[in-house]
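The entries follow in the order in which I checked them.

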Amino acid sequence: MRIEQDFSLLKYNTFGMKTVARRFVEYSSTAELQQFLRSCSTDEQVFQIGGGSNLLFIHPLFEGTILHSAIKGIEVMDEDEESICLKVGAGVVWDEFVAHVVARGWGGAENLSLIPGEVGASAIQNIGAYGVEAKDIISNVYTIDRNNYSVRVFENSDCNYGYRSSIFKNSLKDQYIVTHVSYRLRKHPKLNLSYGNISAAFGEDEEITLQKVRDHIIRIREQKLPDPKVLGNAGSYFMNPVVSTALFESLKRDYHDIPSYPAEDGIKIPAAWLIQQTGWKGKSLGKAAVYEKQPLVLVNTGDAEAIDVIHLADAVIFAVEEKFSIRLKPEVIYV
Ligand code: EPU
């Protein structure tokens, strides 16, 4: 177990905030995590992070313990003619897992290539991109109960998965720590190229492999999304809002070209489009900016503090609400 005092979290958050944690604890096994939780006083604030790619530290000092998983490993649980099930440590870097399965010809994760972060968070956040979500391949989520330190294994159907959401973000928030996630991949992959114009990237008679899909997704993401090593950011800052059919119809009268997708409980409108209409795309406020190529992403233009980012986010939320009567919700978690 690694324990550090007054530890800089700069390398543990892609927004590049210079927050310091009173204590930083990194565990490498379920047993180490249980041992740490048992030793912890009940009034201590303990916050588990993954790759720090979807959060914003709002104070320069975190007066508690930041926990980080260094549980690694990819283990075969079972396999048959059709599929293989892998149990993966929560601390494995998500894209290393995707590269691992794509290289072996196992399908299901390829559209989720290059999403930043770690395996544990994929099961909490239900990460998604290009028509696929983590829930489509998750089999089980292995956790430790923070109250009694016992192991609890959730089935996919126990996790109430929805758009960027799960039971771990709602009714069971902060009650369980994910140690491993198992995923079921297909040995005879079914490609999902329906989102946007992914299929247009390939020739009509071309044999499309998992590796080619992965390489293409990586290219699109690199073109559209800023590299956190150059410009601090946490990917999509806002969720795409789902609105009622009535509101959508009334907006459509004024904005004929408003893009939309059917969603479970209404109509999903790309927040990027809404923000672009307000004129905020590419604009900055203080040391934070709305990314010029994808306005859903807010960036740290250098030495920004959380307050710069929050002011900008508020200004964008206000502008969108004023123009469209739609209130954007941050996808990023404030710590
Ligand atoms: N758009 C604009 N202006 C722009 C960019 C986009 O109007 O400058 C509109 C277009 O109509 C476009 C639509 O927004 O068709 C959708 O854009 P895009 O396909 O880039 O996807 P997104 O809705 O912006 C979501 C996810 C991303 C994920 C992509 C691809 C959310 C909040 N974001 O973005 O996830 O990579 O789809 O599937 O759902 C993340 O969560 O951090 C993330 C990057």
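Predicted model: local features only at pLDDT ≥ 70, side-chain atom pairs only at ≥ 80, totals over all residues.

**Entry 1: helix α2**

I looked up which residues of α2 are exposed on the face turned away from its buried side. They are Glu96 and Ala103. I then listed the buried residues of this helix, which spans residues 94-103. They are Trp94, Asp95, Phe97, Val98, Val101 and Val102. Looking down the axis of α2, I find these buried residues within an arc of 150°, so they line one face of the helix.

**Entry 2: the shell around the ligand**

How many residues surround the ligand? I get 25, and the closest are Tyr130, Tyr163, Lys224, Gln276 and Lys281. Sorted by class, the shell has 13 nonpolar, 6 polar and 6 charged residues.

I next asked which elements supply at least two residues each to the shell. These are β8 (128-129), α4 (210-224), β13 (232-236) and α6 (271-278). The largest share, 3 residues, comes from α6.

Why does the ligand lie between two domains? Domain 2 (74-221) and domain 3 (227-334) both give residues to the shell, so the ligand lies between them.

I checked distances to oxygen atoms of the ligand. Lysine 281 has a polar side-chain atom 2.7 Å from one such oxygen. For arginine 221, a polar side-chain atom is 3.1 Å from an oxygen of the ligand. Serine 236 uses its backbone instead: an N or O atom there lies 2.8 Å from a ligand oxygen. Taken alone, the ligand exposes 830 Å², and the protein buries 82% of that.

I wrote down a rule to compare against: most residues other than glycine have a negative phi.

Tyrosine 130, already listed among the closest residues to the ligand, has a positive phi near 50°. I located tyrosine 130 in the loop between β8 and β9 (132-133). Is tyrosine 130 buried or exposed? Its relative accessibility is 12%, so it counts as buried, the cut-off being under 20%.

Tyrosine 149 also has a positive phi, about 65°, although it is not a glycine. I found tyrosine 149 in the loop between β10 (138-145) and β11 (151-155). With 23% relative accessibility, tyrosine 149 counts as partly exposed.

How values were computed:
Residues numbered from 1 in each chain as written. Heavy atoms only, no water. Near = heavy atom within 4 Å. Polar contact = N/O pair within 3.5 Å; in protein donor to acceptor, adjacent residues only side chain to side chain. Areas by Shrake-Rupley, 256 points an atom, 1.4 Å probe, with all protein chains shown as cover. Helix = DSSP H or I, 4+ residues; strand = E, 2+ residues; numbered from the N terminus. Nonpolar A, V, L, I, M, F, W, Y, C, P; charged D, E, K, R; others polar. Domains from an automatic or database assignment. Buried < 20%, exposed > 50% of the residue type's maximum accessible area, 1.4 Å probe, protein only. Arc of directions from axis to C-beta.
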